[in-house]
Amino acid sequence: LRPLPFALLSLPGRDRSLVTTTAAKWKGKKKARKDCSLPESSWEERLANAVTPLWRLPYKEQLQVKYESQRKVLQTLASHLEELGIGAQKPGFTFPSFLLQPIINGYRNKSTFSVNQGPDGNLKTVGLYVGTGRERNIVCVKAYHMENIPQKHKQVAQCYEEFICRSPLAPCILFHEGGHWRELVVRTTSCGHTMAIITFHPQDLGQEALATQKALLKEFFTSGPGTVCALTSLYFQESTMTRCSHEQSPYQLLHGEPHIFEELLGLKFRISPDAFFQVNTAGAEVLYQAVGELCQATGDTVLLDICCGTGTIGLSLAQQVSKVIGVEVVEKAIEDAKWNAAFNGISNCEFHSGKAEVVLPQLLSSWEDSRPLVAVVNPSRAGLHYRVVRAIRNCRAIRRLLYISCKPEGEAMRNFIELCCPPDPGKKLREEPFAPMLAIPFDMFPHTVHCELVLLFTR
């Protein structure tokens, strides 16, 4: 992988006219489905169309649709840079062969299932949503037919539905209307481990009643019908919010091991209930290998791994560099990262827990290390906080930056522009701007319209 002038690499030998034709054809099909009378399609089709809209297309045609999408993203970035007077070269586009994923079906290692009313009126249906809250037409559809979800996840979801249907307690669909049983998160690994996390709204239940429910849940999955799931870990979280961290409401281990384990690029990783881990393990190996090449790290390089999760990127590259510094907001993930480093015999890593916008400026403001500094950022869809971008931009030692984005057309686009715009004292962007050199899409999410885009910036 050699740096090219802001080029999007893609599948060799593909005809660009075919790419445009396929993308247009898919848009036409999508519009036709919107225009058709809803009763003519099954609930299963509606769910598949909502969550995995490319599921009808052969995989190579899915890539062609994504090619067109990523081309537009980079054209938008190039246009913004031209407006700023940077005069960026417009990207040319070809695909790298490694865009293809080794596993196309059942690749997800984490699935989140909701509890709500199903098409048959069952208020305790465990599945995925079709519809929107704004339209007040949400229906929860079982996900047994979804191609991106592995069979094990579907099995646990089915067992959870069986359990709550037996329970006298109501589901919690709207907080203010009462009810208790809420989401189910299932995590699996290639090592054969399965973790289930049950989210429960306590409402006004006392501790004794809560203890009874936890005991019944444990009994169901350890000696009842749920034993078929062979859970490695069963967690229970009392939550009065839509999303709740471990610090806000601790995950309570009801059964099994506190962690599950995954193997990636010859290393073993410990995973906590709320720790981030790439949702496609096989795809992550391809992605991280490419990131390692793009870093062009030498033996004296310091790697700054921002939004590091359980430390997968930094630890997988630790042998190539002199030091790894990881930053992550989830405290439990940092505990996992430290354990992962120790277990794998890696001693040149340090990990910092806290918000990146707080930790990173402190780390970089007094940076005096003469060693080359390469930064890798892998934020959520919300992108990087402005103070993180500013800290990276104003650190002269960072000459090479890899930005991994799962939603480059969103807030990440603002980050790209802030990294590349001319110095702006008003925004406290003082140092030399970065320039985009290379863009590579990785199809981490087959059957969906999403992919992971890696952008290389240098200065």
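This note goes through a predicted model point by point, from the whole chain down to single residues.

1. Overall make-up. The chain has 459 residues, and 54% of them count as buried. Among contacts with a separation of 6 or more, 68% are between residues 24 or more positions apart. The accessible surface is about 19,900 Å², and carbon and sulfur atoms account for 52% of this surface.

2. The open sheet. Seven strands form an open sheet in the order S4-S3-S2-S5-S6-S7-S8, and the pairing is mixed. Its edges are strand S4 (139-141) and strand S8 (252-256), each of which pairs on one side only. On average, neighbouring strands of the sheet are turned by 35° against each other, with direction ignored. As background, strands of a sheet pair through backbone hydrogen bonds, in either the parallel or the antiparallel sense.

3. Pairing around S2 and S3. Strand S3 (residues 125-130) pairs with S4 in the antiparallel sense, over three bridges. One of the pairs here is Val-130 with Val-139, the latter in S4. S3 is also joined to S2 by three bridges, and these two strands run antiparallel. Asn-116 stands opposite Thr-125, which is in S3. S2 and S5 are antiparallel as well, with four bridges between them. Phe-113 has Leu-184 of S5 as its bridge partner.

4. Is S2 enclosed or open to the outside? Five of the seven residues of S2 are buried, so this strand is largely enclosed by the rest of the structure.

5. Helix H4 (residues 151-166) lies across strand S2 (110-116), S3, strand S5 (181-188) and strand S6 (194-200). H4 runs at about 155° to S5.

6. How far apart are the end C-alpha atoms of H3? Helix H3 (residues 59-83) has 25 residues, and at 1.5 Å a residue they should span 36 Å. The end C-alpha atoms are 37 Å apart, which agrees with that expectation. Just after H3, Gly-85 has a positive phi of about 80°.

7. Cysteines. The structure holds zero disulfides. A disulfide is a covalent bond between the sulfur atoms of two cysteines. For Cys-421, the closest cysteine sulfur is that of Cys-420, at 8.0 Å, which is too far for a bond. Cys-421 is buried, with a relative accessibility of 9%. Cys-140 is buried too, at 0%.

8. Cys-244. This residue lies in the loop between strand S7 (233-238) and S8. At 11% relative accessibility, Cys-244 counts as buried, because the limit for that term is under 20%. Leaving aside residues up to four places away in sequence, Cys-244 touches Gln-237, Ser-239, Ser-249 and Tyr-251. The C-alpha atom of Cys-244 is 9.6 Å from that of Asp-274, a residue 30 positions away along the chain.

9. Helices H10 and H11. In helix H10 (residues 386-393), the buried residues include Val-388, Val-389, Ala-391, Ile-392 and Arg-393. Their cover includes strand S11 (302-306), helix H9 (356-365), strand S14 (373-377), strand S15 (398-405) and H11. Glu-418 belongs to helix H11 (residues 411-420). Which residues does Glu-418 touch, not counting those up to four places away in sequence? They are Tyr-386, Val-389, Arg-393 and Leu-429. Glu-418 counts as buried, at 10% relative accessibility.

10. Gln-296 is not a glycine, yet its phi is positive, near 50°. Gln-296 sits in the loop between helix H6 (281-295) and S11. Its relative accessible area is 45%, so Gln-296 is partly exposed. Lys-428 is another residue other than glycine with a positive phi, near 60°. Lys-428 lies in the loop between H11 and strand S16 (435-442). With 47% relative accessibility, Lys-428 counts as partly exposed.

Methods: Residues numbered from 1 in each chain as written. Predicted model: local features only at pLDDT ≥ 70, side-chain atom pairs only at ≥ 80, totals over all residues. Heavy atoms only, no water. Buried < 20%, exposed > 50% of the residue type's maximum accessible area, 1.4 Å probe, protein only. Contact = heavy atoms within 4.5 Å. Expected span 1.5 Å × (residues − 1). Areas by Shrake-Rupley, 256 points an atom, 1.4 Å probe, with all protein chains shown as cover. Disulfide = S-S within 2.5 Å. Pairing = 2+ DSSP bridges. Axes fitted to C-alpha atoms, helices over the stretch in contact; angles between N-to-C directions.
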